[in-house]
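Hi everyone, thanks for making time. Let me put the structure up, and then we can walk through a few parts of it together.

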Amino acid sequence: MKRIFWEATQRKRRKRRIRDVERRRKKSPSRKRRAASPSAGAQTSHPPDQLAKQQRFPQPLMGQSEKKLIAPENFNICENPEESIAFFHQIDKALAGGRRVFIDMGLVTTISMETILYLLSYIEYIGDRHGGERIRGNAPETEPAQSLFAESGFLHYVRTNQFVTSNSSKLLKIRRDLDTTGALAREVLQFGSEHGVSLDQLGSVYEVVVEMMQNTRHHAFPELNMLHWYLMARYNESEKSVEVAFLDNGVGISQTLRKRVHENVMQFVGLPKRQHALIVSALNGEFRTRTGQDNRGLGLPSIKRCFDSGNLQDFFIVSDKAHLHLSKNVCRDMPKGLRGTLYKWKLRS
Amino acid sequence: MTKSSIKELNVARDFSPTPGGRFISDGPFSGEEFRTVHLEPALASGEKLRITLDGVFGLPSSFVDEAFGVLARKVGPIELMKHFELVSERNPLLAKEVLMRINGQLR
């Protein structure tokens with residue numbers, strides 16, 4: 001089985017490098033021109049040929065300042081949140097120490113869609129904040145984890161030695177944007193329809209996806225520095241269901257909610273915030289929008305209504321420390337939090 | 001009022017089958033765009049509008065609130081419904097939800 005390696009792209013550093021090259025070129029035009037940086041933009045890298053890619057990544061190079069971190073075997077944020085989220089905190093700690101990180105997923109036997117989304121969003125967040133190649137890694141080496149990872153579209157957003165050109169009909173590859181686009185919600189519907197999901201369920205899905213995009217745009221990033229939302233879907237043949245995952249890498253739902261006086265007092269005296277309780281309150285339509293406007297704060301209640309109508313199964317919301325499995329009515333706070341908000345649900349076909 | 005004085009507006013055909021978010025700045029085919037381009041001119045000119053909701057992939061709450069809810073809060077739901085007729089034959093729940101949003105009953 002081919003080993004797949006990837007490397008986060010350098011967005012800020014590449015711009016600086018191009019500027020430096022141009023400056024040197026202007027100063028001494030007689031100097032031999034060096035080739036420009038291999039890939040343009042953080043979104044994609046398409047080196048000219050496979051051999052060149054393989055030569056660039058013959059083996060993972062463990063530099064002196066690089067720390068290798070081994071991902072959990074069950075790399076699944078919804079089903080195995082403590083271990084999976086703790087792993088990202090290990091990465092945070094290594095990066096905070098000024099080191100580069102190599103994420104070793106060689107031993108991963110199960111990886112979920114939302115974990116792949118979160119890994120991508122995390123890498124882009126680090127790239128935006130710290131500018132530069134700080135993270136690289138490999139892919140799972142066992143099936144079906146390797147296929148899911150390789151075909152998810154993740155490799156389109158990083159530099160890699162392996163390009164996957166096949167378009168699996170069982171996957172709606174990673175989509176990433178900031179706008180609220182009904183057209184993308186329609187893609188999810190069409191994907192569901194192709195795999196036998198009923199029209200009743202699909203009508204709810206459209207509203208749910210658009211409201212999630214709205215929430216990202218309006219509430220996830222109160223500061224001006226906005227990132228993206230990410231979405232992916234896949235058809236699970238063994239369960240005969242379509243799974244959809246949506247993620248934003250913002251501040252988390254509880255940070256964007258208006259808190260009541262007693263909740264602010266609890267926070268002030270250092271008592272735990274009970275983030276899951278805040279989210280449940282917002283889902284139930286209690287007036288929690290920080291905008292203060294009566295007609296706002298409709299997104300979460302509308303998502304909850306769709307769930308209550310029975311159209312969304314196995315519904316998870318993971319946001320900062322809150323972990324809600326609505327289908328099993330299990331809501332709790334975790335010891336370590338996710339950066340952002342993740343939704344995942346199934347549609348029976 | 002005669003049938004000829006009623007203007008027909010099919011949301012999917014005349015606006016978009018994929019309604020988007022709340023504000024124009026959120027992305028294409030927003031509730032704000034629908035309101036300013038289609039609903040407010042009809043209201044201002046006093047004409048009656050038959051709005052067909054069939055054919056849209058869905059109507060997000062934020063879209064409906066910005067398109068219809070804003071006007072309902074401005075002129076009142078009763079006055080608004082004198083000018084608008086909602087039609088949704090394939091999925092009657094759609095029209096019902098919009099009406100509930102206009103009457104301020106949905107949260």
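Helix α2(B) has 15 residues and spans 20 Å from its first C-alpha to its last, close to the 21 Å expected at 1.5 Å a residue; that expectation is 1.5 Å times one less than the number of residues. Helices here are DSSP runs of H or I with at least four residues, strands are runs of E with at least two, and both are numbered from the N terminus.

Before going on: this is a predicted model, where local features need pLDDT of at least 70 and side-chain atom pairs count only at pLDDT 80 or more, while totals for chains, interfaces and linings use all residues. Residues are numbered from 1 along each chain as its sequence is written, chains are lettered from A and ligands numbered from 1 in the order written, and side-chain values use heavy atoms, leaving out hydrogens and water.

Back to our helix. Where does α2(B) bend? The bend is at Leu39(B), by about 35°, and Pro41(B) follows within four residues; the angle is taken between axes fitted to the seven residues ending there and the seven starting there. Buried residues, meaning under 20% relative accessible area with a 1.4 Å probe and protein chains only, include Phe34(B), His38(B) and Leu39(B) in α2(B). After the helix comes Gly46(B), with a positive phi near 80°.

Now the sheet. In chain B, three strands form an open sheet in the order β1-β2-β3, with parallel pairing; a pair needs at least two DSSP bridges. The edges are β1 (6–10) and β3 (84–87) of chain B, each with a single partner strand, so one side of each has no neighbour in the sheet. On average, neighbouring strands are turned by 20° against each other, direction ignored. Helix α2 of chain B packs on this sheet, touching β1, β2 and β3 of chain B (contact means heavy atoms within 4.5 Å). Its direction makes about 145° with that of β2(B), using lines fitted to C-alpha atoms, over the stretch in contact for helices, and N-to-C angles from 0 to 180 degrees.

Finally, the aromatics. There are 20 aromatic pairs over all chains, counting Phe, Tyr and Trp rings (six-membered for Trp) with centres within 6.5 Å; planes under 30 degrees apart are stacked, over 60 edge-to-face, the rest tilted. Phe87(A) and Phe88(A) have ring centres 6.0 Å apart and planes at 70°, so they are edge-to-face. Phe307(A) and Phe315(A), at 5.9 Å and 25°, are stacked, and both belong to one aromatic cluster that includes Trp229(A).

How values were computed: Buried < 20%, exposed > 50% of the residue type's maximum accessible area, 1.4 Å probe, protein only.
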